[in-house]
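My notebook is open and I have a structure to look through. I'll jot down what I looked up, step by step.

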Amino acid sequence: PAGPIDRYLDRIAVIGPDRETDPALLEALRFDDHGLETLHGWLAEAQAMGQPFAAVFIDAYADVLPLGETENSNEEATRIGGALERLAVRHGCAVALLHHCGKPKADAGEDPDIRYLARGASALIAKARTVFALEMVPGMPHVRRIRTATNLGRAPAPVIFEVCDPTASAEEILFFRPVDPFASYSPSALLQPNEEVPTN
């Protein structure tokens, strides 16, 4: 719905190892006090120029941890999550932090609560206003699902989409095609935990 990505390219800045970026800069962006202050400086400078950032995407949490820290540290997760929260509020931008999932607990059921899927420290999720999980759907390898949890109100219904033709092999994942979840899939496969199938 947003249209071709080309129209936004002049307003997107990407810093990462897949770009011509000095590795020292990437190390400077690890979220110790210096790295967080660097991010704050960029956001403040853009805001002062009248071109504030609308969103910041950080990919991934493990890659911005200070050297010597691990994903299991609740203290570090609280510090980083709190700092990002303050930056979002101060500069009016959304901050999205990609984090990898761990293996669900054996008793988590078929649709485990997505707030408890993140690897390592649980304190990081406690700082998030909204959590999205991109998941495979059991028995349907050509389908993906996005589930949402939020403390801002009722979570929206899951979004399901096809990434390839049902008969394709894994190498043929080519497209993103939203589908009507009630047309060809069981509604119960798309629900949040403890949510009932709508009757109307």
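Here are my entries, from the whole chain down to single residues.

**Ground rules.** This is a predicted model, so I noted that local features need pLDDT of at least 70 and side-chain atom pairs count only at pLDDT 80 or more, while totals for chains, interfaces and linings use all residues. Residues are numbered from 1 along each chain as its sequence is written, and side-chain values use heavy atoms, with hydrogens and water left out.

**Overall layout.** I looked up the secondary structure and got six helices and six strands. Helices (H or I, at least four residues) and strands (E, at least two) are DSSP runs, numbered from the N terminus. Reading from the N terminus, I wrote down α-α-β-α-α-β-α-β-β-β-β-α. Of the 200 residues, 33% count as buried. Buried means under 20% relative accessible area, exposed over 50%, and partly exposed in between (1.4 Å probe, protein chains only).

**The cores.** Which residues have the most contacts inside the largest nonpolar core? I found F31, L39 and L84, in a core of 18 residues. Such a core is a set of buried Ala, Val, Leu, Ile, Met, Phe, Trp, Tyr and Cys residues joined through side-chain atoms within 4.5 Å. At least two core residues come from each of α2 (33–48), β1 (55–59), α3 (61–64), α4 (74–91) and α5 (123–126). The largest share, five residues, is from α4. I also noted a second, separate core of six residues, with I114, V131, A133 and A149 among them. My general reminder: in soluble globular proteins, nonpolar side chains tend to be buried together.

**F31 up close.** I skipped its neighbours within four places in sequence and checked contacts (heavy atoms within 4.5 Å). F31 is in contact with L36, L39, I58, V64, P66, E76, R79, I80 and L84.

**Helix α4.** The 18 residues of α4 should span 26 Å at 1.5 Å a residue, and the end C-alpha atoms are 26 Å apart, which agrees. The expected span is 1.5 Å times one less than the number of residues. The buried residues of α4 include E76, I80, L84, L87 and H91. Among the elements covering the buried residues of α4 are α2, β1, α3, β2 (94–98) and α5. Just after α4, G92 has a positive phi of about 70 degrees.

**Cysteines.** I searched the whole structure for disulfides (cysteine sulfur atoms within 2.5 Å) and found zero. Is C93 buried or exposed? C93 is buried, at 6% relative accessibility. C101 is partly exposed, at 46%.
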